[in-house]
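Subject: Structure handover

Hello,

Here is the structure you were expecting. Notes on what was found in it follow below.

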Amino acid sequence: MERSNIAKWLFLGLAIILFIQYGKPLLFGNAAEQLQPLDVNDSTAPAERAPAEACVIDGPRFKAELSTRGGSLRHLWMTDPKYTTGNGERRPMDLVTTSLESRMPLRTDLHLPGGNAPQVPFDDLDWKLSAQDGKSCTFTYTDEATRLTKVVAATGRPFELSLQVTVENLAQDPRKHRLAVEQTAWRTQKETEGHLGLISEWITETVAATDQKTERQHPDAFEPGDFKDKEFTPERWRRTPGNAQFASVSSSYFSKIAIPLEGPGQPVAETQIEEIWDASRFPQKSKDPTYGHVYRARLAYPEHELAPGGAVTYKVLSFSGPKERDLLAAVDHGASEVINLGWFSPIAKLLVSYLYVLHRAVGSWGWSIVLLTITVRLLLFPLSIQQIKSAAAMRKLKPEMDEINARYKDDATQRGLAMQELWRKNKVANPVLGCLPMLLQMPVWFALYTALQTAVELYHTPFGPVIPDLSAPGKYFIIPAVLGASSFIQQKIMPPQGDPAQQKMMMYLMPGIFTAMMLFLPAGLGVYMLTNTWLGIGQQVLVERFLKAKNDRAAGIQVREVASAEPQSAMKKTPGDDDKSAPALGKGKARVRG
């Protein structure tokens, strides 16, 4: 009856899902989706543009190219051998993914929203490349009312660029401007989709950090109806309360960060995620193969008025590179917050810090994961041992449990009551309580999973001949196969629980699930799971052997009752005594008869 009810509800749920997916569109048609109140052509530029010039900066572990069109980044290549892309010939990875001038990283916008007497006539300017030396680029812009100087230079640290903008008012009257510096990224929907537990390395989010809070936003925070919320400005940017510490666009392993250093007033941190698809050809955005998002995060300084002949300077630090913990710590300004470690971030940060200590000691990220797993397993052993003891006690009761399962196979309620009575009489904890230690360990496992999933240190890092990349699935599916076999052995040595059908399901289903998971998960997680499984098998065997030896020693001590000395005659029975004799009231007690 119970199984039939479960099957019925599963069938009903499947029918509802299929109706929503296929039946509803057939009956009601596909309604055109709403569009965001945004326009990618929202910036102004001169009608006639000057030819674009490029300026190249060679910095530690990167090479950047900027353009006089907007004085913004056009390319930022990471020059480390591990940060390459391409199926055939490997080439340096470029972190600049946008192409529209108004959506380029490090674009400086002096646009004055809704104000009078703006300092500059356009949002996108044609700058002049005044100087370059391989380490810095100096751009200038001059008209009748304004002189602008923009200097972008390598700081001498990996993946860092300093940005300095000076605004001078040459007009005879006061002029206003509002400086905004942004970081951007473009990703298609397909690039950001994960599958079967594997998180895409290009899943992207905006991060706005202020002195009050840190907000992470994904595309679902910018649905058409969301722009009416109070968090949005009249320019349709989502503003995080407080003074900005940084604004960032980050993927799983890489980040582009803008950090305010100097300027008149404190900037705010704002984010915006634009949906891009051809709505005229594809009423349903999911049908457009090029459907994707432009992720934008910016520092927006307050409006500033310059008197005639006045000038002001802004300084911003840019980091565009891998989210290596050491690098982000050197950047400071809370930049390490771009690493999203989820709900259990305090535990994950501690685990990652320890992983760094182990790597400095052994020089291998793979072996560091193994040692980290061993350490965590040892620290959680006090919780695990109670679970193993309970499992060992359950193994001893297997014959009685099998008998109860057979006797009450058609009566689940009576079977449960009989099991509870059996456990109570033998002082064995309820298996549900036996799962409590495992539940207490779950935050640690989730934190470790997140830490390894976001560790760029594992990116394109080999470990042994069958693991060319710890951040990608292993070679020839060796890890999934070994993990599946190890999980089967672990289930085999565990005491069976539940009815035979449940036992069989656990015996084969759990190893199958682990094997299927590891077909697509990063090999670094496979190393952790495999090490953890082997340690679990070892702990189970050793603890059960210890308990068995302890019970055997206890069984070797026999307690015998010594009969009291009585005359031999008193032990002789006379005819008729048999029918008058009665059982003793207890061990060592005599029955008194009158």
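Helices (H or I, at least four residues) and strands (E, at least two) are DSSP runs, numbered from the N terminus. This is a predicted model, in which local features need pLDDT of at least 70, side-chain atom pairs count only at pLDDT 80 or more, and totals for chains, interfaces and linings use all residues. Residues are numbered from 1 along each chain as its sequence is written, and side-chain values use heavy atoms, without hydrogens and water.

Most residues other than glycine have a negative phi. Aspartate 332, in the loop between helix H3 (325–331) and H4, has a positive phi of about 65°. Phenylalanine 159 has a positive phi near 65° and sits in the loop between strands S9 (146–154) and S10 (160–169).

Now helix H4. The buried residues of H4 are Ala348, Leu351, Val352, Leu355, Tyr356 and Leu358. They lie on the same side of H4, because they cover an arc of only 165° around the axis (taken from the directions from the helix axis to the C-beta atoms). The face turned away from that buried side carries the exposed residues Pro346, Leu350, Arg360 and Ala361. Glycine 363, with a positive phi near 75°, follows H4.

Regards

Notes: Buried < 20%, exposed > 50% of the residue type's maximum accessible area, 1.4 Å probe, protein only.
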